[in-house]
Amino acid sequence: MAVYLDHNATTPLHEDVLQAMLPVMQSMGNPSSLHRFGRLQKDTIERARQQVADLVNAHPDQVVFTSGGTEANNLLVKGMAASADINRMAISSVEHMSMLEPAAEITDKCALDYIAVDRDGRVTPDTLEQAILPDTRLVSVMSANNETGVIQDIASLAEIAARKNIWFHTDASQAAGKIDVSFKDWGVHAMTLSAHKLYGPTGAGALLVDKRLPLHALMHGGAQEHRLRAGTENVAAIAGFGAAAELAKKELKERAVHALHLREALEQGLAQIPQATVFAQNARRLPNTVQFGVRGFDGETLLMQLDRMGIAVSSGSACTSGKTEPSHVLRAMGVPQELALSSVRVSFGKDNTIADAEKLLQALGEIIDTTSKSAVMMAANV
Amino acid sequence: MSDKHPIYLDYSATTPVDERVAEKMCSYLTREGVFGNPASRSHTFGWEAEAAVEEARKHIADLVGANPKEIVFTSGATESDNLAIKGVAHFYNKKGKHIVTCKTEHKAVLDTCRQLEREGYEVTYLDPESNGLVDLGKLEAALRDDTILVSIMHVNNEIGVIQDIAAIGELCRNKKILFHVDAAQSPGKVPINLEELKVDLMSFSAHKVYGPKGIGALYVQRKPRVRLEAQMHGGGHERGMRSGTLATHQIVGMGEAFRIAREEMEIENRRIHALRDRLWNGLKDMEEVYVNGDLDQRIPGNINISFNFVEGESLLMALKDLAISSGSACTSASLEPSYVLRALGRNDELAHSSIRFSIGRFTTEKDVDYTIDHVRSAVEKLRELSPLWDMYKDGIDLDSIEWAAH
């Protein structure tokens with residue numbers, strides 16, 4: 001079986017999570033119905049709400065379930081911009097597309113400024129201060145980047161925003177389940193989560209919302225989720241999200257230690273390959289993520305070759321894959337275009353082994369060797 | 001199901017996932033199955049997931065006579081309605097800002113229209129006829145030069161009546177006005193052929209057809225092409241109309257549910273229709289019971305009955321052994337009488353005494369017979385306690401009484 005090293009794109013469902021979802025999936029009832037079937041569905045949702053809140057140290061009342069991280073980010077951006085007094089927002093330039101695109105979509109209602117990152121992909125307190133203008137009302141910086149794995153110091157950044165009375169949101173889709181995430185201790189007002197990045201199902205996510213936040217609904221047609229998200233709840237996926245969150249909390253340390261072990265092995269191997277450069281090497285990064293460039297190689301070709309050799313990785317975000325543009329994240333970090341186009345992102349999961357890391361290193365070595373040899377031969381022929 | 005209580009007769013609110021659907025979904029979740037992100041373009045895991053999504057898209061298109069490229073996946077019919085109505089309104093707002101819909105639409109349509117009114121659009125809410133159907137002449141009279149969209153549902157969720165969307169479609173197409181149909185309740189119950197229907201946009205739901213919750217679709221016609229402003233951004237999935245990671249297992253589940261519906265709907269509807277008739281025949285000889293909505297232009301599984309002189313909430317309490325509702329699940333938390341029945345011209349009392357029975361795939365004759373006995377005795381008991389019933393029996397015209405104010 002092929003080796004899957006693309007857990008930041010999506011994770012397989014945890015077997016225990018499936019067991020939690022199955023009875024819900026086959027049970028009857030619409031959670032809005034008043035009869036017993038309906039009430040049991042409602043109970044299932046409330047249990048999951050508690051589990052999700054527990055993972056990120058929030059109150060269950062703060063959890064608004066959505067169809068996923070993308071919807072949560074759209075709800076935050078557009079739902080805030082719908083408020084009369086939110087006319088300017090600042091977001092980091094390395095955000096996920098589900099933050100960048102909606103923000104760019106509504107600039108007629110809400111002006112948009114980008115917060116720069118340093119060479120290692122970090123938003124520093126200084127750059128945040130600079131990006132905040134007198135009328136900025138909302139700041140959003142992701143907790144950890146999906147491509148580079150760079151972890152931002154959200155607590156410090158949120159404090160700066162708080163001093164200026166500015167709402168602060170963080171997209172913690174990639175961070176939750178991999179590092180400690182705390183809605184309360186970080187002092188944020190809103191947070192995005194996604195189930196399928198932490199061994200839960202696709203189709204469930206959440207926006208955690210401070211009750212004071214002037215947020216408007218994005219979708220209309222029902223009173224579900226404190227009137228912030230209309231539509232029949234995806235009860236089975238929500239139950240799966242809850243179960244996955246509980247497991248993630250329980251296994252957080254163990255998973256992190258395991259991932260870091262694999263990451264270190266991979267990075268040590270990469271250090272032996274002269275063409276390889278690990279991006280954001282000096283930053284604190286997610287334990288499972290390594291993004292690197294291979295000088296002189298085209299990233300897409302590399303990925304195809306690796307896939308043929310039974311290794312699944314990506315160049316960056318799945319949501320932008322298939323595009324030939326260099327990653328906006330690497331560009332924001334000042335990585336030269338050619339190197340950015342050679343990027344490979346490896347994201348380990350809890351079921352990977354050290355052998356998987358070694359297999360990748362070996363495959364990379366072979367590809368580089370063969371290509372270099374044929375380049376030498378071609379040069380000789382000329 | 002027969003011996004389990006309460007008996008589930010609320011298939012219009014939601015249906016259980018068919019076992020065949022659940023089984024199929026399970027192979028698209030864990031490590032042993034196809035779990036990749038369909039948007040992943042760099043490896044087999046992603047391609048396999050994408051292939052599964054495309055197969056499901058085809059099953060959905062096949063049931064409704066569409067091209068798979070015309071199917072856009074969403075998180076459910078509510079999102080589809082929001083996307084269709086806001087998407088059209090925002091895209092075509094230079095052409096006009098007037099929308100026509102009907103008072104008996106689902107909240108997903110009505111609340112979306114209310115939102116557009118707040119944004120400066122004008123909406124005409126048509127009154128249906130007393131049988132729940134939209135009168136074509138009245139619809140035509142409501143259309144204006146600046147009308148950009150007509151949104152009329154196919155099958156009503158509370159009373160089950162089927163609108164003549166073929167005729168409405170012709171009218172709209174002639175006037176070059178876009179036509180959206182909320183068809184959350186109709187797949188598998190009423191044949192739909194979008195190749196022939198002049199429908200530009202149609203909303204679908206999986207969980208009303210024995211598929212999973214959390215997945216739906218919007219049909220967006222390609223010829224002539226309908227344009228939409230996306231409501232969710234970030235990645236450009238679904239040809240830019242709906243961003244967000246596709247939930248492969250749910251899409252596969254919806255596809256399987258629609259495939260089964262296509263294969264079995266004819267036989268299933270005959271069976272369900274017979275059960276519905278059995279239920280109505282068991283109740284119709286009672287005094288002062290009324291069917292809400294046209295009895296013929298109606299899906300097989302639905303019957304909505306008002307039991308005069310019985311208070312709806314008390315009746316629901318007395319019928320605890322039956323999982324039924326007084327109307328839409330989405331408005332059931334409120335104790336207001338159904339706005340759908342009010343729009344039909346039913347007075348508050350009758351609207352308040354209504355029960356929706358919706359029959360489905362797993363309902364048995366035994367369930368129906370139990371329901372008949374149970375409803376009859378509950379209604380009788382409640383009427384015995386009702387002073388209004390006594391007065392009615394004494395021949396007093398209740399409408400003539402002037403009630404003292406308290």
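This is a predicted model: local features need pLDDT of at least 70, side-chain atom pairs count only at pLDDT 80 or more; totals for chains, interfaces and linings use all residues.
The bend falls at Glu264(B) and comes to about 65°.

**Entry 1: helix α7(B)**

I then checked the end-to-end span. Helix α7 of chain B covers residues 248-283. A straight helix of 36 residues would span 52 Å at 1.5 Å a residue. Between its end C-alpha atoms, α7(B) spans only 44 Å.

**Entry 2: strand β7(A)**

Next I looked at residues 190-194 of chain A. I counted 5 of the 5 residues of this strand, β7, as buried, so the strand is largely enclosed by the rest of the structure. In a regular strand, side chains alternate between the two faces of the sheet. I therefore took the faces one at a time. Ala190(A), Thr192(A) and Ser194(A) lie on one side, and they are buried. Met191(A) and Leu193(A) lie on the other, and they are buried too. Both faces of β7(A) are covered.

Which strands pair with β7(A)? One is β6(A), residues 167-171, which runs parallel to β7(A) over 3 bridges. Here Asp171(A) has Thr192(A) as its bridge partner. The other is β8(A), residues 205-209, which is antiparallel and joined to β7(A) by 5 bridges. In that pairing I found Leu193(A) opposite Ala206(A).

**Entry 3: nonpolar cores**

Nonpolar side chains tend to be buried together in soluble globular proteins. I looked for such groups here. The largest nonpolar core has 211 residues. Val56(A), Leu208(A), Ala244(A) and Tyr219(B) touch the most other members. Helix α8(A) gives this core its largest share, 15 residues.

I picked Ala244(A) and listed its contacts, leaving out residues up to four places away in sequence. They are His14(A), Val17(A), Ala195(A), Leu198(A), Tyr199(A) and Gly200(A). Another core, of 26 residues, lies apart from the largest one. Its members include Tyr8(B), Leu315(B), Leu322(B) and Phe357(B).

**Entry 4: contact between chains A and B**

How many residues does each chain bring to the contact? I read off 63 from chain A and 56 from chain B. On the chain A side, α1 (15-25), α2 (36-55), α3 (69-81), α4 (97-105), α8 (235-271) and α9 (299-308) each supply at least two residues. Of these, α4(A) gives the most, with 5 residues. I also sorted the chain A side by residue type: 24 nonpolar, 30 polar and 9 charged.

Terms used
Residues are numbered from 1 along each chain as its sequence is written. Chains are lettered from A and ligands numbered from 1 in the order in which they are written. Two residues are in contact if their C-beta atoms, placed from the backbone, lie within 7 Å. Helices (H or I, at least four residues) and strands (E, at least two) are DSSP runs, numbered from the N terminus. Ala, Val, Leu, Ile, Met, Phe, Trp, Tyr, Cys and Pro count as nonpolar, Asp, Glu, Lys and Arg as charged, and the others, Gly among them, as polar. The expected span of a helix is 1.5 Å times one less than its number of residues. The bend at a residue is the angle between axes fitted to the seven residues ending there and the seven starting there. A residue is buried if 20 or more other C-beta atoms lie within 10 Å of its own, exposed if 12 or fewer, and partly exposed in between; C-beta atoms are placed from the backbone. Two strands pair if DSSP finds at least two bridges between them. A nonpolar core is a set of buried Ala, Val, Leu, Ile, Met, Phe, Trp, Tyr and Cys residues joined through C-beta atoms within 7 Å.
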